[in-house]
Amino acid sequence: MASARPATMYLRGERERAVDDVAGSIRAEGLEPSSIATALAGLFAKGRITADRMEAMLSAYHRTT
């Protein structure tokens with residue numbers, strides 16, 4: 001069980017890098033991520049939601065706005 005912690009930290013780092021890459025791509029287009037996208041990306045980066053769940057929640061948000 002002791003090896004789970006380094007793996008968790010590695011995966012969190014990978015998720016954080018993925019979020020940073022996406023945010024950078026959005027900004028390169030001259031746009032800014034919405035506050036809801038930023039909040040959901042933060043939850044994803046911390047491992048609290050999956051990428052699929054993040055996408056579903058973001059899609060649902062944009063359907064209602």
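## Basis of the report

In this predicted model, local features need pLDDT of at least 70 and side-chain atom pairs count only at pLDDT 80 or more, while totals for chains, interfaces and linings use all residues. Residues are numbered from 1 along each chain as its sequence is written, and side-chain values use heavy atoms, with hydrogens and water left out.

## Arg 15

Arg 15 is found in helix H1, residues 4-28. Helices here are DSSP runs of H or I with at least four residues, numbered from the N terminus. Arg 15 is buried, where buried means under 20% relative accessible area, exposed means over 50%, and partly exposed lies in between (1.4 Å probe, protein chains only).

Arg 15 has no salt bridge. A salt bridge is a side-chain nitrogen of Lys or Arg within 4 Å of a carboxyl oxygen of Asp or Glu. The nearest side chain of opposite charge is that of Glu 16, 7.5 Å away; Lys and Arg count as positive and Asp and Glu as negative, with His and the chain ends not counted.

What lies 3.0 Å from a polar atom of the Arg 15 side chain? The backbone oxygen of Phe 44 does. Leaving aside neighbours within four places in sequence, Arg 15 is in contact (heavy atoms within 4.5 Å) with Phe 44, Ala 45, Lys 46 and Gly 47.

## Salt bridges

How many salt bridges does a search of the whole structure find? The search finds 3. In one of them, Arg 12 pairs with Glu 16, with the closest N and O atoms 3.1 Å apart. These two residues are 4 residues apart in helix H1, so they are separated by about one helical turn. Arg 12 is partly exposed at 35% relative accessibility, and Glu 16 is partly exposed at 33%.

Glu 14 forms a salt bridge with Arg 17, where the closest N and O atoms are 2.6 Å apart. Both residues lie in helix H1, 3 residues apart, which is about one turn of the helix. Glu 14 has a relative accessibility of 34% and counts as partly exposed; Arg 17, at 45%, is also partly exposed. Glu 32 forms a salt bridge with Arg 27, with a closest N to O distance of 3.2 Å. Glu 32 is exposed at 57%, whereas Arg 27 is partly exposed at 44%.

A nonpolar core is a set of buried Ala, Val, Leu, Ile, Met, Phe, Trp, Tyr and Cys residues joined through side-chain atoms within 4.5 Å. Which residues make up the largest nonpolar core? The core has 5 residues in all: Leu 40, Ala 41, Phe 44, Ile 49 and Met 54. Helix H2, residues 35-45, supplies the largest share of this core, 3 residues. In soluble globular proteins, nonpolar side chains tend to be buried together.

In H2, Leu 40, Ala 41, Phe 44 and Ala 45 are buried. They cover an arc of only 140° around the axis, so they are on the same side of H2; the arc is that of the directions from the helix axis to the C-beta atoms. Leaving aside neighbours within four places in sequence, Ala 41 is in contact with Val 19 and Met 54. Just after H2, Gly 47 takes a positive phi of about 80°.

## Arg 17 and Phe 44

Arg 17 and Phe 44 are 27 residues apart along the chain, and their C-alpha atoms are separated by 11 Å.

Note on methods
Polar contact = N/O pair within 3.5 Å; in protein donor to acceptor, adjacent residues only side chain to side chain.
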